[in-house]
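The following paragraphs lead the reader through one protein model.

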Amino acid sequence: MREPVDLRRQRILAAVQARGFARVRDLADELQVSVVTVRRDVEELTREGRLRRGHGVVRSTLPAQETSVDAAPAAGDRVAVVVPVRHSYLNETLHGARTVLERAGVRMALHLSPQASGAERPLVERALADGADGLLIAPRWRGRADEEADHEWLAGIGVPTVLMERRPWRGSALHALDSVCSDHWYGARLAVEHLVGLGHRRMVFATRHDSPTARSLRAAFAEIAGAHPLVEQWAWTLIAPEAGADGPYSADETAELPALMRKVGATAMVLHGDVDALMVVQRLAEEAVRVPQDCSVVAYDDVVAGLGSPPLTAVSPPKAEVGQAAAELLLQRLAEAPGSRTGRRVELLPRLMVRGSTDRLAEPLDE
């Protein structure tokens, strides 16, 4: 599936702002597109005043990044930030953390983890060997096994560590580790209550199943819809065949969304995440299902949901604020004496952004 131009340019902008500068060829490799494509995107972002071009290098326009590429780092603490590569959702989180760290005069070293289980550990070990004083990390954790495999080494890492947008399962070795994340249960509730308030009583929920957020959302939707007195029927399915780990899944849980919608009699859907939601809306149009006239749609993530046609109503987790709060918590830990703290788990509430993809359920015509 070809990535939307606006999403690709947003990722370029976030990558450059996170580092202060980036080489065009490195950006092309990271985004898995041609150098020519990146140059075209950079030219447009430069024309908009959001980037500055150099000889093979792109620079941020933020004041804090006016130093040269080869300038020596400033003195002071150094924080390693480890996030998955090609993860647009976390770009805003990363930018929020960077803003706080730069304001405090703390250097940030970004490490991008490949799409493989256990990829974070060697990056963290390298960062510690390079002298990192603290760690902000968002492990990929495609499943419970990945999280369990990280417990022992991550809990005993030896420097202040804060998990970003990750909530360890209760009773794990990481349960007492500092963490800052969005309250995705609350986000799921916002979506369901919005649709119920518009008169919808039958719904389909479709999420990925290869991330902590996706698994949290599935559990939340099941709990909220199952207990809601006005929800008559609901079903959950994978949003796309490649969106989950290997089964076992029931036939409904791998069903095509238009078919499952007809089976449930659904008049509304909640879809995670944005790009998949936009693809689903296109698929519904091919099946002559109009959004929102025949089916109201709520996306979850709000990275590019507003760019759709129609613009998608979306649950918007506080992505930048999560990064800011995580960095602030880490700075507090760096200033404290070792062993003098109690672990903290911080949750921030998402918002609902109402746009054109949801509408009140039409009243049936009198016969």
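Of the 367 residues of the protein, 49% count as buried, a term that stands for under 20% relative accessible area, with exposed meaning over 50% and partly exposed in between (1.4 Å probe, protein chains only). The model is predicted, so local features need pLDDT of at least 70 and side-chain atom pairs count only at pLDDT 80 or more, while totals for chains, interfaces and linings use all residues. Residues are numbered from 1 along each chain as its sequence is written, and side-chain values use heavy atoms, with hydrogens and water left out.

The protein contains 11 helices and 15 strands; these are DSSP runs numbered from the N terminus, helices being H or I of at least four residues and strands E of at least two. Among contacts between residues at least 6 apart in sequence, 72% join residues at least 24 apart, where contact means heavy atoms within 4.5 Å.

The interior may be considered next. A nonpolar core is a set of buried Ala, Val, Leu, Ile, Met, Phe, Trp, Tyr and Cys residues joined through side-chain atoms within 4.5 Å. The largest such core has 50 residues, and those with the most contacts inside it are Leu-136, Leu-257, Met-269, Leu-271 and Leu-284. A second, separate core has 20 residues, including Ala-188, Leu-195, Ala-225 and Val-315. Leu-271, in the largest core, is in contact with residues that include Ala-206, Ile-239, Leu-257, Val-298 and Tyr-300, when its neighbours within four places in sequence are left aside.

Charged side chains form another part of the picture. Side chains of opposite charge can pair when their charged atoms come close. With a salt bridge taken as a side-chain nitrogen of Lys or Arg within 4 Å of a carboxyl oxygen of Asp or Glu, the count comes to 16. Arg-355 forms one with Asp-302, the closest N and O atoms being 2.9 Å apart. This pair links distant parts of the chain, 53 residues apart: Arg-355 is in the segment after strand 15 (351-353), and Asp-302 is in the loop between strand 12 (296-300) and strand 13 (313-316). Arg-355 is partly exposed, at 26% relative accessible area, whereas Asp-302 counts as buried at 13%.

Lys-263 and Asp-252 also meet in a salt bridge, at 2.9 Å from N to O. Lys-263 belongs to helix 9 (residues 257-264), and Asp-252, 11 residues apart from it, to the loop between strand 10 (233-238) and helix 9. Here Lys-263 counts as exposed at 58% relative accessibility, while Asp-252 is partly exposed at 28%. Elsewhere, Arg-8, Arg-9 and Asp-41 are linked in a network of salt bridges.

On a 1 Å grid over the protein atoms alone, a cavity is a set of points where a 1.4 Å probe fits but cannot get out, and lining residues have an atom within 4 Å of a point. The structure holds one cavity of 30 Å³ or more. About 190 Å³ of space lies in the largest cavity, the volume being the space filled by probe spheres set on the points, which are joined across faces, edges and corners. Its lining has 17 residues, of which Ala-15, Arg-86, His-87, Asn-91 and Leu-112 are the closest to its centre. Helix 1 supplies the largest share of the lining, five residues.

Notes
1 Å grid on protein atoms, 1.4 Å probe; cavity = no way out; pocket = protein on both sides within 12 Å on 5 of 7 lines; lining within 4 Å.
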